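Subject: Model for your records

Hello,

Here is the model you asked about. My notes on it follow below the structure.

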Amino acid sequence: MAVYSLMDEEMKKTEYLAMQKIVKKHAAGWDPESVYANIAVEMKDRQYTDTQGGTVDPYAPRLENRASLEDIADEADPEGDAARPFIDLVNASVEKDADGLIVRMRLADLSQPLTFNQPGVRDNTMEYRWAAMFDMNGDGRDEYSAEWVWFKDPEGKKIGGGIVDNAQMSVWKMTGDGAEKADAHLRGEQKGNELILEVLPCDFVSSIGPKTRVHFKTFYSDGKTEEEDLMPD
Ligand SMILES: [Ca+2]
Ligand SMILES: [Ca+2]
Ligand SMILES: [Ca+2]
């Protein structure tokens, strides 16, 4: 009994009340587009430990693994540094011209169909991702991403197929505590092992300048393990 009343008191603390409010808010008007925001908030509070035993802030600026649009085009990523060939980046590039932006990601092997909405993956959590991340002003923090992404659809059936037909193409704008979908028209295609994402002219594309730095991220989860590849590493 004493334990329960202790817990009861504990739950009345400001931080728990604030947390309950957030949970209630998300549960009341579930919006798949806010999934990113929720994840980002979760991630912000997580502590990471680096190889030296120190803690890592995932939101701290990072400059070392970003490259200019010119440099990234000449860069290659090792094959085999990701567990699965469909998320194993081999090279990638970003090209901007008057017609918009073209993002290319070459993977080790995209010849096999993928399974979406795998039973082991938790509802509304990320299952697949192939993303180009943009640090517009080169300060080490990303402001936009252009990507294919798939969150496990609670209503969706398990389906097999390709990335272009099944994952969602979108441009995300990072906000203070999450991300929101940016207004952008996209076209996507797969050519062999290459994924091509075309973003038509928009605010995001026009704000890409000489200081802009880019890096690439892929992600896969089967519910048991989470795997990724980064370029540059
Ligand atoms: Ca790789
Ligand atoms: Ca930035
Ligand atoms: Ca890599």
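Two strands are taken to pair if DSSP finds at least two bridges between them. Helices (H or I, at least four residues) and strands (E, at least two) are DSSP runs, numbered from the N terminus.

This is a predicted model, in which local features need pLDDT of at least 70, side-chain atom pairs count only at pLDDT 80 or more, and totals for chains, interfaces and linings use all residues. Residues are numbered from 1 along each chain as its sequence is written, and chains are lettered from A and ligands numbered from 1 in the order in which they are written.

Overall

The chain has six helices and 15 strands. Of its 233 residues, 25% are buried; buried means that 20 or more other C-beta atoms lie within 10 Å of the residue's own, exposed means 12 or fewer, and partly exposed lies in between, with C-beta atoms placed from the backbone. Taking contacts between residues at least 6 apart in sequence, 61% join residues at least 24 apart. A contact here is two C-beta atoms, placed from the backbone, within 7 Å.

Strand 7

Strand 7 covers residues 126-135, and eight of its 10 residues are buried, so it is largely enclosed by the rest of the structure. It runs antiparallel to strand 8 (residues 144-151), with eight bridges joining the two; Arg 129 has Val 149 of strand 8 as its bridge partner. Eight bridges also join strand 7 to strand 14 (residues 213-221), again antiparallel, and there Phe 134 is partnered by Val 214.

An open sheet of four strands has the order 4-5-13-12, with antiparallel pairing. Strand 4 (89-97) and strand 12 (186-191) are its edge strands, each pairing on one side only. From one strand to the next, the twist averages 10°, where axes are lines fitted to C-alpha atoms (for helices, over the stretch in contact) and angles run from 0 to 180 degrees between N-to-C directions. Strand 12 is joined to strand 13 (residues 194-199) by six bridges, the two running antiparallel. Leu 186 has Val 199 in strand 13 as its bridge partner.

Asp 74

Asp 74 sits in the loop between helix 4 (69-73) and strand 4. Is Asp 74 buried or exposed? It is exposed, because it has 9 other C-beta atoms within 10 Å. Asp 74 and Asn 91 are 17 residues apart in sequence, and their C-alpha atoms are 8.4 Å apart in space.

Regards
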